Amino acid sequence: MPDREEDRRWMAVALALGRRAAGRAWPNPAVGCVLVRHGRVVGRGWTADGGRPHAEAVALARAGEGARGATAYVTLEPCAHRGRAGPCADALIAAGVSRVVAALRDPDPRTAGEGFRRLRQAGLSVTVGPHEDEARADLGGFLLRHAEGRPWVTLKLAASLDGRIATASGESRWITGEAARRAVQALRASHDAVLVGGGTARADDPLLTLRGMGARPGPVRVVASRGLSLHPESRLARGEGGTPLWLLHAEGAERPAWSERPHIRCLPVPSDPSGLDPAGAMARLAAEGIMRVLCEGGGAWAAALLRAGLVDELVQFHAGLTLGADGLAAVGPLALGRLADAPRFVLRALRPVGGDILSLWRPEGAAAGPPV
């Protein structure tokens, strides 16, 4: 009989491996796999940058003949469709793996249970479910992209104790300390795209790149500006930092000459006089393969995403200072008539980061997920 505690132990290892691919594997999910034989790891892997090879293929290559008779712990059902490489379900069978333990069934209609069917048909034992809630949180963007046609959205707020992100004059560097800013870099690294509104891009002239994270590729930089009003000599428009820049803009907006630069893509989305449609913007990013979006500002986009019910995770850095009612609010107007209409979140993690406090919140009923 399978040992449930042993299965949970090794699935936790596979989940930790999968997190190494977060922000690097899109448009494929960030999957982890560990091959265990007689209580010893014989191979391990996670989805490679750009989505190929898959975690199972990496683990099998490392295991070689050691995979024969092993148990494969994988965070998502092995794929059953042929892309640039053969199906992972077939590769596991060919390698002589005797058992597969998966945290989740793959919602992709090209697999969706077919991977498990092939494994069982070939005589392999299949167990599904260990650490399912944690896997759902880790692979939330992949699941949402298939279920709702949108990515997982993390809203990051770095604010004073009284919820302000800048002084009345607009000064905002730096509200939080160095340790919190390093934590933000790690947060960026775990997402496929980092998003700011046009107002924030104009006011702060940010780079939105990874710093202090080695040579790994950074997330796609996205600016949401209905009228493509980014300054042509801004660091983003000039292409500083090296990673692509995507501009979400209103359908029919006039495209300035600078938007034709090689590193820039212009993506039209639905809009109205009040601004871009947040649901349409997220759907467009999902259609481009993005599964995890980190929104870093400003207040108008934070409010728009909250009003639309599109925030799957809220990460807040609170600094030990106050800026007063004349400071710039972290979240713009929500037009709430009743307290019952306010978006509500449940605290999932709380810890000090240098001299600041990091809190992680998820909507009521959402999977708890891994600690921050």
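What share of the 372 residues in the protein chain is buried? In this predicted model, buried residues make up 50% of the chain.

**Figure 1. Overall fold of the protein chain.** The chain holds 11 helices and 18 strands. Its radius of gyration is 22 Å, close to the 21 Å that the globule rule gives for 372 residues, so the chain is as compact as a globular protein of that length. The C-alpha trace spans about 65 × 45 × 40 Å along its principal axes. Of the contacts with a separation of 6 or more, 70% join residues 24 or more positions apart.

**Figure 2. Surface and charge of the protein chain.** The accessible surface comes to about 16,500 Å². Carbon and sulfur atoms account for 52% of that surface. The chain carries 47 positive and 38 negative charges. Their mean positions lie 4 Å apart.

**Figure 3. The largest nonpolar core.** This core has 39 residues. Leu35, Tyr73, Val97, Val100 and Leu119 touch the most other members. At least two residues each come from the helices α1 (4-19), α2 (55-63), α3 (88-94), α4 (114-121) and α6 (140-147), and from the strands β1 (32-37), β3 (71-74) and β4 (99-102). Helix α1 gives the largest share, five residues.

**Figure 4. Valine 97 and its contacts.** Residues up to four places away in sequence are not counted here.

Figure 5. Another core, of 29 residues, lies apart from the largest one. Its members include Leu155, Leu195, Ile290 and Ala302.

**Figure 6. Helix α6 and its packing.** The buried residues of α6 are Gly140, Gly141, Phe142, Leu143 and Leu144. They pack against α5 (132-138) and β6 (152-159).

**Figure 7. Alanine 25, a buried loop residue.** Alanine 25 sits in the loop between α1 and β1. Its relative accessible area is 1%, so alanine 25 counts as buried, the cut-off being under 20%. Neighbours within four places in sequence aside, alanine 25 is in contact with Ala30, Thr47, Ala48, Gly50 and Gly51. Isoleucine 290 is 265 residues from alanine 25 along the chain, yet their C-alpha atoms are separated by 9.9 Å. Isoleucine 290 is also one of the residues of the 29-residue core.

Terms used
Residues numbered from 1 in each chain as written. Predicted model: local features only at pLDDT ≥ 70, side-chain atom pairs only at ≥ 80, totals over all residues. Heavy atoms only, no water. Helix = DSSP H or I, 4+ residues; strand = E, 2+ residues; numbered from the N terminus. Rg over C-alpha atoms; globule rule 2.2 N^0.38 Å. Buried < 20%, exposed > 50% of the residue type's maximum accessible area, 1.4 Å probe, protein only. Contact = heavy atoms within 4.5 Å. Areas by Shrake-Rupley, 256 points an atom, 1.4 Å probe, with all protein chains shown as cover. Lys, Arg positive; Asp, Glu negative; His and termini not counted. Charge placed at Lys NZ, Arg CZ, Asp CG, Glu CD. Core = buried A, V, L, I, M, F, W, Y, C linked by side-chain atoms within 4.5 Å.
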